[in-house]
Amino acid sequence: GNESQGNDVRLGMTINDCKAAGFAEGLVCSDCELAAKYVPSAEFYNSCMGCCQEMRYPKAILEMCNCKLRAFPQMEPFVRGKMKNKFPRLQHEHIPGAPPRLKLLNEQGKIAEELNIEKWDTDTVAAFLSEKLIQNESS
């Protein structure tokens, strides 16, 4: 097997290779997923995935109107259920009329990623938050 190949050198891309290819340092893997929708090139996508880092964020905000909880019952655990305690770094923000959106904030408190999560189920949101949020060691 190829166990020796870690994620850092997925395609043998060094930081200089990545810069030469036009990928900025601190490139986030989800940006590659997003760009792939507009650049239908496997080569681009593979290079991008070879250069990106999985980011973890200190804070997430679930924006949605409380009036939408009946339309999106899968979000309720994050607003007032058991998932609220599981993800202390997730905050619910009541925005009148808003469908569920997830905002990930970086160390500076700026929005780093913003996602429409209307079609996500509870498990998908939970898995995403587990992957994207810095885990509290004390829990």
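**Disulfides, a ring pair and a pocket**

Colleague: Which residue does a disulfide join to Cys29?

Modeller: This is a predicted model, and the link is read from its atoms. A disulfide is a covalent bond between the sulfur atoms of two cysteines. Sulfur atoms within 2.5 Å count as such a pair. With a distance from S to S of 2.0 Å, the residue joined to Cys29 is Cys52.

Colleague: What is the hand of the disulfide of Cys29 and Cys52?

Modeller: The pair links distant parts of the chain, with Cys29 in helix α2 and Cys52 in the loop between α3 and β1, 23 residues apart. The torsion about the S-S bond of Cys29 and Cys52 is about 85°, so this disulfide is right-handed.

Colleague: Is Cys29 buried or exposed?

Modeller: A residue counts as buried under 20% relative accessible area. Cys29 has a relative accessible area of 3%, so Cys29 is buried.

Colleague: Which helices hold Cys18 and Cys51?

Modeller: Cys18 and Cys51 form a disulfide with their sulfur atoms 2.0 Å apart. The angle about the S-S bond is -90°, and the link is left-handed. The pair ties together parts that are 33 residues apart in sequence, because Cys18 lies in helix α1 and Cys51 in helix α3.

Colleague: What is the pairing when the bonded cysteines are numbered in sequence order?

Modeller: The count of disulfides comes to three. With the bonded cysteines of the chain numbered in sequence order, the pairing is 1-5, 2-6, 3-4.

Colleague: Is Cys67 buried or exposed?

Modeller: The cut-off for exposed is over 50% relative accessible area, and the cut-off for buried is under 20%. Cys65, with a relative accessible area of 5%, is buried. Cys67 has a relative accessible area of 55%, so Cys67 is exposed.

Colleague: How do the rings of Phe23 and Phe44 pair: what is the class?

Modeller: The structure holds three aromatic pairs. Planes under 30 degrees apart count as stacked, over 60 as edge-to-face, and the rest as tilted. The rings of Phe23 and Phe44 have their centres 5.7 Å apart and their planes at 45°, so the pair is tilted.

Colleague: Where in the structure do Phe23 and Phe44 lie?

Modeller: Phe23 is buried, with a relative accessible area of 10%. Phe44 is partly exposed, at 23%. The pair ties together parts that are 21 residues apart in sequence, because Phe23 lies in the loop between α1 and α2 and Phe44 in helix α3.

Colleague: Which element gives the largest share of the lining of the largest pocket?

Modeller: The largest pocket has a volume of about 380 Å³. Of the 16 residues that line this pocket, the closest to its centre include Ser30, Glu33 and Leu34. The elements that give two or more residues to the lining are α2, β4 and α6. The largest share, six residues, comes from α2.

Colleague: How many charged residues are in the lining of the largest pocket?

Modeller: Asp, Glu, Lys and Arg count as charged. By class, the lining has seven nonpolar residues and one polar residue, and the number of charged residues is eight.

Conventions:
Residues numbered from 1 in each chain as written. Predicted model: local features only at pLDDT ≥ 70, side-chain atom pairs only at ≥ 80, totals over all residues. Heavy atoms only, no water. 1 Å grid on protein atoms, 1.4 Å probe; cavity = no way out; pocket = protein on both sides within 12 Å on 5 of 7 lines; lining within 4 Å. Points joined across faces, edges and corners; volume = space filled by probe spheres on them. Helix = DSSP H or I, 4+ residues; strand = E, 2+ residues; numbered from the N terminus. Phe/Tyr/Trp six-rings, centres within 6.5 Å; stacked < 30°, edge-to-face > 60°. Buried < 20%, exposed > 50% of the residue type's maximum accessible area, 1.4 Å probe, protein only.
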